[in-house]
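Please look through the structure below with its sequence at hand. The report that follows takes up confidence, the chains, the cores and a few single residues in turn.

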Amino acid sequence: MVKQFGKILKFEFKNYITNKVFIGVTLFFVAVIAGVMFFPSIKDIFKKEDSNNIPDVSGDLPVMLVISDTKENSEAVREAFAATFTNYEVKVADTDIEGVKAQIASGEAECAFVLDSLTSYTYYVNNLSMYDNNTAIADEVLRSIYRVNALVQGGFTPEEASAILTAPIEGRIENLGIDQMQNFFYTYTMIFALYMVILLYGQMVATNVATEKSSRAMELLITSAKPTAMMFGKVIATCLAGLIQIVAIFGSALLFFNLNGDYWGGNAIVSSIFGMPAGLFVYMLIFFILGYFICSFMFGAIGSTASKLEDINTSVMPITMIFVAGFMVVVFSMSSGNVDTVLMKVCSYIPFTSPMAMFTRIAMSTVSIYEIGASIAILVVSVIGVGILSAKIYRVGVLLYGNKPKIGSVIKAVLKA
Amino acid sequence: MKLELRNIDKSFGEKKVLKNVTLSAEGGKAFGLLGRNGAGKTTTIRILMNVFPADKGEVLLDEKPINYDKVLFGYLPEERGLYPKKKIIDQLVYFAELKGMSHSKAVSAVDYWLDRLGMTEYRNKRLDTLSKGNQQKIQLITAVAHDPQIVILDEPFSGLDPVNAMLLKDVVKEIISKGKIVFFSSHQMNYIEEFCDSIAIINGGQVVLSGDLREIKRNYPRNRLVVRSLQNEKIASEYEGSVERGENGDIIIVLNTPEEKKSVMSKLTETYDIDEIKVYEPSLNDIFVEYAGDQI
C-alpha cells in the first residue's frame with residue numbers, strides 16, 4: 001500500500017512537471033512578474049534618452065477666475081486661492097458675471113468663483129466632474145480668511161491670528177498590536193493567492209480523476225491499486241507540483257524585487273508585500289497545504305463521480321461556492337477594518353473557510369496561540385477524515401457510468417462499501 | 001490451485017445483480033464465463049478481484065479465503081483504455097510497478113512482452129498513435145507482464161484481426177500451460193469452445209449451467225442423427241413427423257429413444273446413398289441459446 005502510494009505519487013508528479021502547459025504557465029507568470037518588476041528600470045533608461053525634450057508645462061495650467069465685491073477682497077482671495085490651488089492659474093476676472101460665463105463657455109477659463117462677500121459665492125464650471133472638490137477647498141480657504149479677519153478685528157495681529165488658527169498638535173502612535181494599514185496589502189495578496197491556488201489545484205485533481213475515468217484507464221487502475229493510495233498519491237503529487245509552481249513564481253518575484261529594490265523601495269504596497277514577516281509565511285504555508293488538501297480530496301471524490309469531463313464544473317459548484325463565500329466574508333471584514341467579528345471567528349474554525357479566515361486574523365489582528373492551534377487541529381482532523389471519506393467515494397464513484405449519480409445513492413453505496 | 005466463488009449475492013440498490021453464484025476454476029485449465037449483456041459477468045469479475053465486496057458469500061483459493069495482498073491478478077477489462085497521451089513503455093512499467101514489481105524487473109518484463117507481441121517498435125510512442133488492435137495488444141501486456149497467478153480476460157478477442165487472434169491464442173495457451181488459472185469471459189463461443197475445459201453460463205444473475213464442457217455436451221440426449229445425403233428429400237418423406245432441418249441442407253432425424261440409433265443408422269446406410277451420418281452433438285452456441293436465450 002505504502003509502496004503503491006510512492007509509485008503513484010512519482011508517476012503523477014512526473015506527469016505534472018513534464019506537462020508542457022504546466023511549464024508554460026509557470027514561465028508565463030515568471031515572465032509577467034519580471035516584466036512588472038523591471039518596468040521602472042526599463043522606463044528609466046528611456047526617460048534618460050528623452051530628458052532633453054520634456055516640454056515646459058507650467059504655462060498650460062487651466063485658468064480659474066475669481067471676482068469679489070471689492071477690488072481689495074478680489075485681490076486677497078486671489079492670493080489665498082493661488083497659494084492653495086497650485087494646479088490652477090488663478091486670475092481676477094476683469095469683466096462682469098456674463099463675461100465670466102462667456103469665458104468659461106469658450107474654454108478660456110475652466111471655472112470661476114464669483115463672491116458676493118467673503119462668506120458667500122457662486123461656483124461656475126463648464127463640466128462638474130465627479131471628483132471636483134474645488135468648492136470644499138474654497139470653503140476652507142474662505143473660512144480661514146474670515147476667521148483671521150475676525151481675530152484681527154478683535155485686536156490680534158494677523159501673525160498672532162494665523163498662529164492661533166494653525167496651532168500644531170504633536171501626536172505619536174505607539175502600536176502594541178498589529179498595524180492593519182501595513183498588513184492589509186500583503187494579507188490581501190496572500191488571501192487571494194490562497195483562494196486562487198486552492199481552487200485551481202483542486203480543479204486539477206478533479207480533472208485528473210475524471211480523465212482517467214473517461215479514458216477507461218480506471219478499469220485497470222482500480223484493480224491494480226488501493227483507492228486510498230490512488231487518492232492520496234494524486235492529491236499529494238498535485239500539491240507538490242503546486243508548491244513548486246508557487247515557489248518558482250513567488251521566489252522569482254522576490255528575487256526581481258531585490259534586484260530592483262531602488263525603484264520599488266518607495267512603493268508602500270509593493271514593499272509591504274515583500275516585507276511580510278517570516279513567521280506569517282510559515283502560517284501561510286500551513287494553511288495553504290491543509291486548505292488545499294481538504295479541497296482537493298473533495299474535488300477528487302467529485303471528479304470520480306462525473307462520467308464526462310464537462311460534468312465536473314457543475315459538480316464542483318457547491319464546494320466552490322463555500323470557498324467563494326468564505327473569501328467574501330474575509331475580504332469584507334478586512335475592508336471594514338475589523339477582522340475579529342463573530343462571523344470571522346466562526347469561519348476561522350470551519351474547515352473549509354478556516355485557512356483564509358484564520359490566516360487573515362493572524363495577519364491583521366492578535367490571535368492567541370491556542371486559538372490558532374485549535375483551528376489547525378480541527379483542520380488536520382478534517383483533512384484526514386475527508387481524505388478517507390473521499391477515497392471511499394472514489395472507489396464507488398469511478399465505477400459509476402452513465403447518468404450523473406444522485407448524492408443519496410452515492411452516500412448509500414459509500415456506507416455499504 | 002483452485003479458485004472458487006461460493007454463494008455470492010450482490011445488489012446495487014434495489015436491483016439484485018447476482019443471486020447465489022457459485023463457480024470454480026482450476027489452475028492449468030481455462031474457465032469460460034458466459035452470459036448475455038447485463039447478465040452479471042463484470043460484477044462477478046469485480047467481486048472476484050475485490051473491487052467491491054459481495055453482500056454475501058466468499059471467494060476461496062484452495063479452500064481458504066483468498067488473500068488479496070498475496071495473490072496477483074492480471075486483468076484485461078472489456079472496456080479497454082489506458083493513458084492515451086503517455087509513452088507506452090512508461091505506462092506499462094507503471095502498471096507493472098503498481099502490481100508490486102521493482103522498476104528494473106518491470107522494465108525487462110515489459111520489454112519481453114513487447115517483443116513477444118511484436119510491438120517493440122512502438123515502445124517509445126504515445127498510445128494514441130497506435131491502431132485499435134495494437135492498443136489492445138498493449139493492454140494485454142498490462143494483464144500478463146507482472147506474472148500473475150490468475151489471469152482474467154474479458155472479451156480478449158474482440159477487435160483483433162485473424163493474425164493477432166492467433167498470436168493471442170498462443171499466448172493464452174502458454175499461460176494455461178504454466179499452470180495458471182485463466183478466466184475467460186466472452187460472447188464469442190468458438191474461442192471458448194476451443195480453450196475452455198469448464199464453463200458457467202450466467203443468466204439474470206444466476207448460474208444456469210456449469211461444469212466440464214465435454215460432459216455437458218455428452219449429457220445431452222443422444223437421440224438425434226445428422227444425415228447428409230443427395231437423397232435427403234426421400235429420407236425426409238420416409239421419416240416424416242420426426243425430421244428437423246439442419247444446417248447446409250442436412251436433415252436431423254429425431255429418434256424416440258437413443259437405443260434406436262444403431263438400427264436406424266444401418267437401415268439408412270443400406271437403403272440410401274449416404275455421404276455422412278453422425279450423432280448430433282450440440283455446439284456451445286446451441287447450449288448458450290438454450291440456457292441464456294429466454295430472459296435476463
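## Confidence and conventions

What pLDDT does chain B average? Chain B averages a pLDDT of 87, and 99% of the residues score at least 70, where pLDDT is the predictor's confidence in each residue, from 0 to 100. This is a predicted model, in which local features need pLDDT of at least 70, side-chain atom pairs count only at pLDDT 80 or more, and totals for chains, interfaces and linings use all residues. Residues are numbered from 1 along each chain as its sequence is written, while chains are lettered from A and ligands numbered from 1 in the order in which they are written.

For chain A the mean pLDDT is 83, with 91% of its residues at 70 or more. Within chain A, confidence is lowest in helix α18 (residues 407–416), at a mean of 67, and highest in helix α17 (residues 369–397), at 90. Where pLDDT is low, the predicted coordinates should not be read in detail. The model as a whole scores ipTM 0.78 and pTM 0.74.

## Chain B in outline

Chain B has 10 helices and 14 strands; helices (H or I, at least four residues) and strands (E, at least two) are DSSP runs, numbered from the N terminus. Its C-alpha atoms fill a box of roughly 75 × 45 × 35 Å along the principal axes. Of the 296 residues in chain B, 33% are buried. A residue is called buried if 20 or more other C-beta atoms lie within 10 Å of its own, exposed if 12 or fewer, and partly exposed in between, with C-beta atoms placed from the backbone.

Two residues are in contact if their C-beta atoms, placed from the backbone, lie within 7 Å. Among contacts in chain B between residues at least 6 apart in sequence, 69% join residues at least 24 apart.

## Where the chains meet

The contact between the chains draws on 14 residues from chain A and 19 residues from chain B. On the side of chain A that touches chain B, α1 (2–17) and α8 (217–224) each supply at least two residues, and α8(A) gives the most, with six residues. By class, this side of chain A has six nonpolar, five polar and three charged residues; Ala, Val, Leu, Ile, Met, Phe, Trp, Tyr, Cys and Pro count as nonpolar, Asp, Glu, Lys and Arg as charged, and the others, Gly among them, as polar.

## The nonpolar cores

A nonpolar core is a set of buried Ala, Val, Leu, Ile, Met, Phe, Trp, Tyr and Cys residues joined through C-beta atoms within 7 Å. The largest one has 132 residues, of which A:F359, B:V182, B:F183 and B:F184 touch the most other members. Helix α12 (residues 278–305) of chain A provides the largest share of this core, 13 residues. Residues up to four places away in sequence aside, B:F184 touches B:A30, B:F31, B:G32, B:L33, B:L153, B:I192, B:F195 and B:C196. A second, separate core of 17 residues includes A:M64, A:V77, A:F113 and A:Y121.

## Helix α3 of chain A

The 14 residues of helix α3 (residues 71–84) of chain A should span 20 Å at 1.5 Å a residue, and this agrees with its end C-alpha atoms, which are 20 Å apart; the expected span is 1.5 Å times one less than the number of residues. The buried residues of α3(A) are A:V77, A:R78 and A:F81. They cover an arc of only 105° around the axis, which puts them on the same side of α3(A); the arc is that of the directions from the helix axis to the C-beta atoms.

These buried residues pack against β1 (63–67), β2 (89–92), β3 (111–117) and α5 (134–153) of chain A. The face of α3(A) turned away from the buried side carries the exposed residues A:E72 and A:A83.

## Single residues to look at

A:A357, in helix α16 (residues 354–364) of chain A, is buried, because 27 other C-beta atoms lie within 10 Å. Leaving aside neighbours within four places in sequence, A:A357 is in contact with A:G326, A:V329, A:V330, A:M344, A:C347 and A:S348.

Most residues other than glycine have a negative phi. B:E63, however, has a positive phi of about 75° although it is not a glycine. B:E63 lies in the loop between β4 (56–61) and β5 (64–65) of chain B and is exposed, with 7 other C-beta atoms within 10 Å.
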